[in-house]
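Let's take a short walk through this model together. Keep your viewer open and your selection tool ready.

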Amino acid sequence: MQKFNRTILTAVKNMQHFLLKPRASAALLFGIVMSSAAVFSTIYPILAVVLSISTVILLFFILKTELSYYLLIILLNLSSIGFFKVIHQKLYLYPLGDLFILIVFLLWGFSRAANLAKPYSKTPCDISLLLFVGLSILSLLWSDDYKSWMYQFLRLSFGLGAFLVTILLINNHKILNTAIWIIIIMGVLNSIICFVSIYTYPDYTHIKLFESKYANFVIFFNDTSVVGKRGHAFAHPLTTAYWLNFALILSFGKFITIQGYKKLVLCFLMFLMLTAHLTTLSKTPLLALIAGLIFFFYSYKPIRKVFFISVGVLIVVIGVSFILANITDLENSTRYTYNQLTGYNEYSSSTSRMDWWTTSVKKSLESYGLGVGLGGTPKYLTPIKIPHSHINAPHSHNVWVNTFGDLGFIGLGLLVLIYFFAFKSYVAALRQCKNEYYKRILLSYISGFVIMLLFILTDYDYTATILWWYMGLGFAIARLATEATPEYRGLNFV
């Protein structure tokens, strides 16, 4: 009897070992679904065909989960495409890219179950992140706007989802290199669309692809009430400029790693992206970009030797780009930029932001420093001061102030810890890295992180997906940088 039990136990262990093999797990999954399709074919032929095709596509994405991540990067650039709903003059937006994060996460789950994917790599921010999420949930106790709380909690969940899938799926050199080139390519495409938006304004305001009483699936482009005649892709001009910042700073990292004619081509594309950036007439993204580039110039030793010359060339190039970007309407563009920087007229965004920051801080202090609850700040803010627009401010346009307004001193402290631990990890990885190629890539990323920290002083809120996604990208790069051997040069993937 004991011999029989040992035989059964050995057989079970062998079966478990066999099923945990990637090819066996994938074959088993494929076989189960195709068998189901064969059964359905005798009753519902059309359903069987759809099930078979869907299974092949699904299996392909499970085996190559990184392909879904590449698609996610593209969709995150298209934040003006998604589900929109206006309720009592308040805009609820669910971009297609945010919703796709859930699909990518589920695909990774299937891939992990089949032992095809690596487990999650812990980060120094994990405990702070869990506490931050816990505080967000706890804030429901003193929040008096359940709908706003749910909306913001979903947005925060999407952002953390982007953070997780980035760390999970960028796990080798090839995937990282491909992801960086996709970001750069999207920067070029966004640049082209920026020029299209200016020269087609005010046509193509929006297109409803699907309409229901719950939400409309809409593509916004050249929205006269919000965007105005400013360069943009399928996103707000500020968001377009922000994506261009990422594409530009990562392009610098690639620029100092490649050789030959590729260097010249990338230089041209960088100038194109910079010129398109200046069509957005977004002051904070531009100032943040300049600061990030100066940080990069000073940190990279070969450029530091000619630091002041490099900064001078940068200023001249920006000036030339601004003239080229707005050459058909240079006077009005210059006046608009001056007024926005100085707050000269009543429609200056600087004036509105100061009002929103003051209100957010006051409301949080009135709640004994606990904040007004997740998503509760916007209802206290005055409407956006744009002619013919009565849409309320979506947030305080300052991540730190917005966090303090919603979650008080504790929430602000946790967010500071999250960014501090992230930045500390990136710098530590840079110092530990023994590979010259990854030092350059990681340095360009850290310069982009500096850009992000400056940008969020006047824009976005703490639930913005793009912020969490970029932070996750940093941890992925840092991990690969510390693991890379000194001999690796990245030449096979350039």
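**Stop one: a bent helix**

Select α16 and look at L407, where the helix bends by about 135 degrees. Bear in mind as you go that this is a predicted model. Now pick the end C-alpha atoms of α16, which covers residues 399-432: they are only 31 Å apart, whereas a straight helix of 34 residues would span 50 Å at 1.5 Å a residue.

Next, step to the N-terminal end of α16 and show the side chain of N398. This residue caps the helix, with a side-chain oxygen 2.9 Å from the backbone nitrogen of W400.

Move on to the second largest pocket, with a volume of about 410 Å³. To find its centre, select F252, C267, M270, F297 and L314, the closest to it of the 16 lining residues. Then colour the helices α9 (237-255), α10 (261-279), α11 (283-299) and α13 (307-325): each gives two or more residues to the lining.

**Stop three: a salt bridge**

The model has four salt bridges. For one of them, show the side chains of D461 and R155, which meet at 3.3 Å, N to O. D461 sits in the loop between α17 (436-455) and α18 (465-483), while R155 belongs to helix α7 (residues 146-169), so this pair ties together parts that are 306 residues apart in sequence.

Definitions and conventions: Residues are numbered from 1 along each chain as its sequence is written. This is a predicted model: local features need pLDDT of at least 70, side-chain atom pairs count only at pLDDT 80 or more; totals for chains, interfaces and linings use all residues. Side-chain values use heavy atoms; hydrogens and water are left out. Helices (H or I, at least four residues) and strands (E, at least two) are DSSP runs, numbered from the N terminus. The expected span of a helix is 1.5 Å times one less than its number of residues. The bend at a residue is the angle between axes fitted to the seven residues ending there and the seven starting there. A polar contact is a pair of N or O atoms within 3.5 Å; within protein, one must be able to donate a hydrogen and the other to accept it, and residues adjacent in sequence count only if both atoms are side-chain atoms. On a 1 Å grid over the protein atoms alone, a cavity is a set of points where a 1.4 Å probe fits but cannot get out, and a pocket is an open set with protein on both sides within 12 Å along at least five of seven lines; lining residues have an atom within 4 Å of a point. Grid points are joined across faces, edges and corners, and a volume is the space filled by probe spheres set on the points.
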